[in-house]
Amino acid sequence: MRATLIINPQGEVEAMEIAGKGMGRNAAELLRRVQSARFMAANPDVVCPAKWKPGDEGINVRQRLSEKIDEARQ
């Protein structure tokens with residue numbers, strides 16, 4: 001078995017993948033996930049949606065939450 005871990009600057013695991021010895025891995029997807037982790041580290045209130053790629057915007061969690069609260073109040 002082989003494992004890939006993406007660890008953020010605080011030493012926390014952001015992503016983990018474990019593959020059997022016969023299963024191939026996608027280097028382009030690993031790179032995208034590392035870029036996503038770097039983006040999130042630089043933008044603490046932002047998360048990356050599925051299929052995010054460098055240059056795309058992330059989702060501002062605080063902004064989305066406040067919008068949901070405003071909608072609920074109306």
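Please look at isoleucine 7 first: its bridge partner in S2 is valine 13. Before going on, note that this is a predicted model.

That pair belongs to a larger pairing. Strand S1 covers residues 2-7 and strand S2 covers residues 13-19; the two run antiparallel, and six bridges join them. Another of the pairs is alanine 3, whose bridge partner in S2 is isoleucine 18.

Now the turn. The hairpin of S1 and S2 has five residues between the strands, and there glycine 11 takes a positive phi near 85°. Asparagine 8 is also in the loop between S1 and S2. Is asparagine 8 buried or exposed? Its relative accessible area is 9%, and buried means under 20%, so asparagine 8 is buried. Its side chain reaches the backbone nitrogen of glutamine 10 at 2.9 Å.

Next, the surface of this hairpin. Which residues form the nonpolar patch there? They are Met1, Leu5, Ile7, Val13, Met16 and Ile18, and together they have about 680 Å² of accessible area. S1 and S2 are the elements that give two or more residues to the patch. The largest share, three residues, comes from S2. Isoleucine 7 and valine 13, the pair we started with, are both in this patch. As for methionine 1, it lies in the segment before S1. Its relative accessibility is 75%, and the cut-off for exposed is over 50%, so methionine 1 counts as exposed.

Along the sequence the pattern reads β-β-α-β-β-α. The protein chain has 74 residues, and 14% of them count as buried. Asparagine 8 is one of the buried residues.

Glutamate 29 forms it with arginine 32, and the closest N and O atoms are 2.9 Å apart. Both residues lie in helix H1, three residues apart, which is about one turn of the helix. The general point is that an α-helix has 3.6 residues a turn, so residues three or four places apart point the same way. Glutamate 29 has a relative accessible area of 32%, so it is partly exposed.

How many salt bridges are there in total? The count comes to two. The other one joins lysine 53 and aspartate 56, with the closest N and O atoms 3.6 Å apart. Lysine 53 counts as partly exposed because its relative accessibility is 48%. Aspartate 56 is partly exposed as well, with a relative accessible area of 29%.

One last residue. Lysine 51 sits in the loop between strand S3, residues 46-47, and strand S4, residues 59-60. It is not a glycine, yet it has a positive phi of about 65°. At 76% relative accessibility, lysine 51 counts as exposed.

That is the end of the walk-through.

Technical notes: Residues are numbered from 1 along each chain as its sequence is written. This is a predicted model: local features need pLDDT of at least 70, side-chain atom pairs count only at pLDDT 80 or more; totals for chains, interfaces and linings use all residues. Side-chain values use heavy atoms; hydrogens and water are left out. Two strands pair if DSSP finds at least two bridges between them. Helices (H or I, at least four residues) and strands (E, at least two) are DSSP runs, numbered from the N terminus. Patches are made of residues with over 30% relative accessible area and no salt bridge: like charges are joined within 9 Å, nonpolar side chains (Val, Leu, Ile, Met, Phe, Trp, Tyr) within 5 Å. Accessible areas come from the Shrake-Rupley method with a 1.4 Å probe; for residues, only the protein chains shown count as cover. A salt bridge is a side-chain nitrogen of Lys or Arg within 4 Å of a carboxyl oxygen of Asp or Glu. Buried means under 20% relative accessible area, exposed over 50%, partly exposed in between (1.4 Å probe, protein chains only). A polar contact is a pair of N or O atoms within 3.5 Å; within protein, one must be able to donate a hydrogen and the other to accept it, and residues adjacent in sequence count only if both atoms are side-chain atoms.
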